[in-house]
Amino acid sequence: AHRRAHPDEARRGTWRLLGARPALARLACATLLVTYSQSILESIFAIWALHRYGFGPRAVGFLLFGVALPALVMQGGIVRLLVPRVGEARLAAGGVLLYVAGLVTLGHGGALADSILGLLLCGSGLGAYNPSAFALASKQAHSHDRGAVLGVYAASASLARVLGPFTSGPLYAHVGPAAPFLIGACVTLPAAWLVSRSTRQP
């Protein structure tokens, strides 16, 4: 019978895999950073919008549509057109920079138009980054370990979705309403460098 791996063995296997494939480690780290700030945005945005503009659930839903729509457009067609011209690594790095610009615009903008622009930039950046980074991660897999490689990559995003909501509230309450966005931008910025090096060997 097939023996199920002990959790300690699985963890050691994860670290061995990351150590053996530095490009995968860089991609997983980049996705951890991007998804961390994304989960901060998603978890604190309704409270921030209520404080800043007095918006209720319906208005918040319309504003968050400003993230979803450009992400959908990017993933639905634009990424497919850009990848042959600029490559997945450059497109993913550009997506990080767009997303960081959106977070900074949200943090510093005072008018509603600034917030809408920030959300559009965030959505466009995520729409460029997510499919490009996933494609790069899939290229790190061989036929016999594809599940393990993509599992490690997905685990980094899962960890970020735990950490983001856990820290967004304290940042908002104790540092300031703009802090989750601005700190998220600072945390995420190194992801552009990490993903740009994902096609290089150490």
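Surface, core and salt bridges

Phe-65, Leu-69, Leu-72, Val-73 and Ile-78 make a nonpolar surface patch of about 450 Å², a patch being built from residues with over 30% relative accessible area and no salt bridge, with nonpolar side chains (Val, Leu, Ile, Met, Phe, Trp, Tyr) joined within 5 Å and like charges within 9 Å. Areas come from the Shrake-Rupley method with a 1.4 Å probe, and for residues only the protein chains shown count as cover. The model is predicted, with local features needing pLDDT of at least 70 and side-chain atom pairs counting only at pLDDT 80 or more, while totals for chains, interfaces and linings use all residues. Residues are numbered from 1 along each chain as its sequence is written, and side-chain values use heavy atoms, leaving out hydrogens and water.

In soluble globular proteins, nonpolar side chains tend to be buried together. Here the largest nonpolar core has 35 residues, and Phe-45, Tyr-129, Phe-181 and Val-195 have the most contacts inside it; such a core is a set of buried Ala, Val, Leu, Ile, Met, Phe, Trp, Tyr and Cys residues joined through side-chain atoms within 4.5 Å. Helix H2 gives the largest share of this core, nine residues. Not counting residues up to four places away in sequence, Phe-181 touches Leu-41, Ile-44, Phe-45, Trp-48, Leu-103, Leu-106 and Gly-107, contact meaning heavy atoms within 4.5 Å. A second, separate core of seven residues includes Leu-17, Leu-18, Val-149 and Val-152.

Val-149 is also among the residues that Arg-21 touches. Arg-21 lies in the loop between helix H1 (7-20) and helix H2 (22-53), is buried at a relative accessible area of 14%, and its side chain reaches the backbone oxygen of Gln-140 at 2.7 Å.

A search of the whole structure finds two salt bridges, each defined by a side-chain nitrogen of Lys or Arg within 4 Å of a carboxyl oxygen of Asp or Glu. In one of them, Arg-161 pairs with Glu-42, the closest N and O atoms being 3.1 Å apart; because Arg-161 lies in helix H6 and Glu-42 in helix H2, this pair ties together parts that are 119 residues apart in sequence. Glu-88 and Lys-139 also meet in a salt bridge, at 2.6 Å from N to O, and this pair links helix H4 with the loop between H5 and H6, 51 residues apart. Glu-88 counts as buried at 16% relative accessibility, whereas Lys-139 is exposed at 57%.

Definitions and conventions:
Helices (H or I, at least four residues) and strands (E, at least two) are DSSP runs, numbered from the N terminus. Buried means under 20% relative accessible area, exposed over 50%, partly exposed in between (1.4 Å probe, protein chains only). A polar contact is a pair of N or O atoms within 3.5 Å; within protein, one must be able to donate a hydrogen and the other to accept it, and residues adjacent in sequence count only if both atoms are side-chain atoms.
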